[in-house]
Amino acid sequence: MQIFLPIAEVSVNAFVLLGLGGLVGILSGMFGVGGGFLITPLLFFVGIPPAVAVATSANQIVASSVSGVLAHFKRKTVDLRMGSVLLIGGLIGSAIGMQIFNMLKALGQVDLLVTLCYVVFLGIIGALMLVESLRALRRAKGRVGKARERTKHTWVHNLPFKMKFRASGLYISVIPPIVVGILVGMLGAIMGVGGGFIMVPAMIYILGMPTKVVIGTSLFQIIFVTSFNTMLHAYTNHTVDMMLAMILLVGGVVGAQIGTQIGLKLKAEQLRIMLALLVLIVCLKLGLDLLIRPSELYSIGVI
Amino acid sequence: MRFLIVILALWVAPLSLAAEQVVAALSQNRISITANFDGSEILVFGAIKRTEAVPENSALDVIVTVTGPRKLETILRKARRFGIWVNVETERLGHAPSFYSVAATRPVEDIVASKTDSLWKITADAQILSARRGLAAREALLRIRTDNGLYRRANAGVVLTENTLFNTSIALPANLVEGDYITRILLVRDGAVLDDYSTAINVQKVGIERWLYNLAHNNALLYGLLSLVLAALAGWGASEAFRILRR
């Protein structure tokens with residue numbers, strides 16, 4: 001069944017979009033990631049103009065994050081105070097990112113910027129995750145090696161403007177969370193992602209937050225930052241396609257529930273290795289497109 | 001003033017005196033882009049009206065062209081920089097049609113001489129920015145649109161019966177740009193255009209497509225808020241629904 005998307009102005013198969021939403025939903029359910037980093041490139045492959053893909057996936061992430069954060073609120077695993085500090089940084093970063101996005105769009109380089117961001121970040125995260133989970137797997141087999149002790153005092157603890165974050169059990173400066181927020185906000189605006197895949201490791205390793213509040217807090221921040229991004233894209237570029245977002249959503253919601261069930265049956269290390277490989281495959285595909293000589297050197301500019 | 005009248009007379013005279021004229025109609029003059037729009041097929045049919053007998057031993061041909069709305073185009077060229085392929089050059093090209101289709105009784109090259117082709121702008125090559133022929137970006141535009149099926153030709157697409165009745169069907173793709181699609185019918189005898197007729201097909205989004213598009217462009221703030229509210233509701237609804245299901 002073909003469906004005409006009013007903003008993207010292309011006709012695509014609705015089942016392909018549902019399947020795409022479903023696939024990303026399954027992955028997000030299995031691995032607990034938002035899936036924005038997968039949905040945006042997949043939308044490029046289906047033929048959605050990049051500007052619309054980035055803006056619409058921001059809208060779709062709002063829905064999946066709302067769905068996820070509610071469960072965390074019930075379990076009281078959201079650090080609202082830390083979330084708000086990250087959010088302030090996120091909004092600043094998002095505004096900066098949007099400026100960069102629009103500037104490069106005017107220069108006809110937005111595809112390059114988006115693809116480069118994807119290749120770099122997916123490459124780094126994928127490689128780190130793979131190494132880390134392979135090491136964890138080896139450790140689990142050998143039953144040797146000591147549990148990692150979190151460093152109590154790093155440079156993070158010597159900065160001014162300290163604040164108490166009770167839910168996280170931290171007393172640290174607000175500067176690192178604001179910087180993390182700005183970085184993630186910028187990436188969100190440029191790549192059309194929530195940025196959880198960067199924020200979560202940053203919260204654990206840089207801020208030293210306990211793992212149990214990390215996911216809920218990052219989802220809380222992501223809801224507001226991606227909402228802000230959606231508004232900016234809708235207001236300045238008119239590129240949010242509500243119909244596309246809704247179809248992806250339906251697929252995503254069902255997929256997430258299936259994914260959660262699959263996730264329960266697999267071991268954590270196996271899951272992480274699979275996710276790492278998946279991230280690396282997407283990275284490789286996008287990277288090759290930049291490196292291999294395209295069959296058509298010319299393209300017609302959109303919008 | 002007298003000069004003008006003379007010109008007008010010269011211009012009108014051949015039309016009114018033409019021995020053969022086209023009478024044509026389309027199966028539809030309006031195409032509505034609905035949510036499940038999947039392209040459309042337009043039937044063009046008509047007859048040749050004569051005041052004299054059919055001339056013997058001479059070739060009669062009919063050419064039907066459809067031109068989509070024109071727009072300023074930006075053509076980007078990629079080149080290798082620092083090991084990766086990036087857009088290095090942009091070329092702005094004057095108003096090229098978003099869609100162009102030619103159907104005729106025979107290949108256009110066999111029907112008319114290239115001079116007539118450029119005068120009447122019949123083939124895509126003559127129609128699309130012919131003044132900038134030879135420019136790489138213009139050739140690329142022509143090539144890309146042809147490969148994407150937006151510039152098409154049907155060499156034996158028009159059926160002419162008994163030198164009097166003709167018909168053809170023109171397939172319009174699913175990714176249509178809104179606007180007027182000018183349909184032109186040319187009557188050609190022995191390589192000379194005797195008569196032409198043109199009419200417009202109006203392509204427009206309707207229903208929810210129209211509503212969403214207008215809201216997104218005219219009231220962007222409200223549109224953004226609405227998409228957020230819908231997303232939040234969908235997220236909340238999904239988590240509630242599955243909580244109930246699991247119990």
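Reply: Axes are lines fitted to C-alpha atoms, for helices over the stretch in contact, and angles run from 0 to 180 degrees between N-to-C directions. Helices (H or I, at least four residues) and strands (E, at least two) are DSSP runs, numbered from the N terminus. This is a predicted model, in which local features need pLDDT of at least 70, side-chain atom pairs count only at pLDDT 80 or more, and totals for chains, interfaces and linings use all residues. Residues are numbered from 1 along each chain as its sequence is written, and chains are lettered from A.

Me: At what angle do helix 3 and helix 8 of chain A pack?
Reply: Helix 3 (residues 50-74) and helix 8 (residues 211-237) of chain A pack at about 150°, and their axes are 8 Å apart. Helix 3 of chain A is therefore roughly antiparallel to helix 8 of chain A (angles over 145 degrees count as such).

Me: By class, which residues make up the contact of helix 3 with helix 8 of chain A?
Reply: The contact has 13 nonpolar, 10 polar and no charged residues. Ala, Val, Leu, Ile, Met, Phe, Trp, Tyr, Cys and Pro count as nonpolar, Asp, Glu, Lys and Arg as charged, and the others, Gly among them, as polar.

Me: Now chain B: what is the strand order of the open sheet?
Reply: The order of its 4 strands is 1-3-10-9, with antiparallel pairing (two strands pair if DSSP finds at least two bridges between them). Strand 1 (20-26) and strand 9 (159-161) of chain B are the edge strands.

Me: How many bridges join strand 9 and strand 10 of chain B?
Reply: Strand 9 pairs with strand 10 (residues 165-172) of chain B over 3 bridges, and B:T161 stands opposite B:L165.

Technical notes
Side-chain values use heavy atoms; hydrogens and water are left out. Angles under 35 degrees count as roughly parallel, over 145 as roughly antiparallel, 65 to 115 as roughly perpendicular and the rest as oblique.
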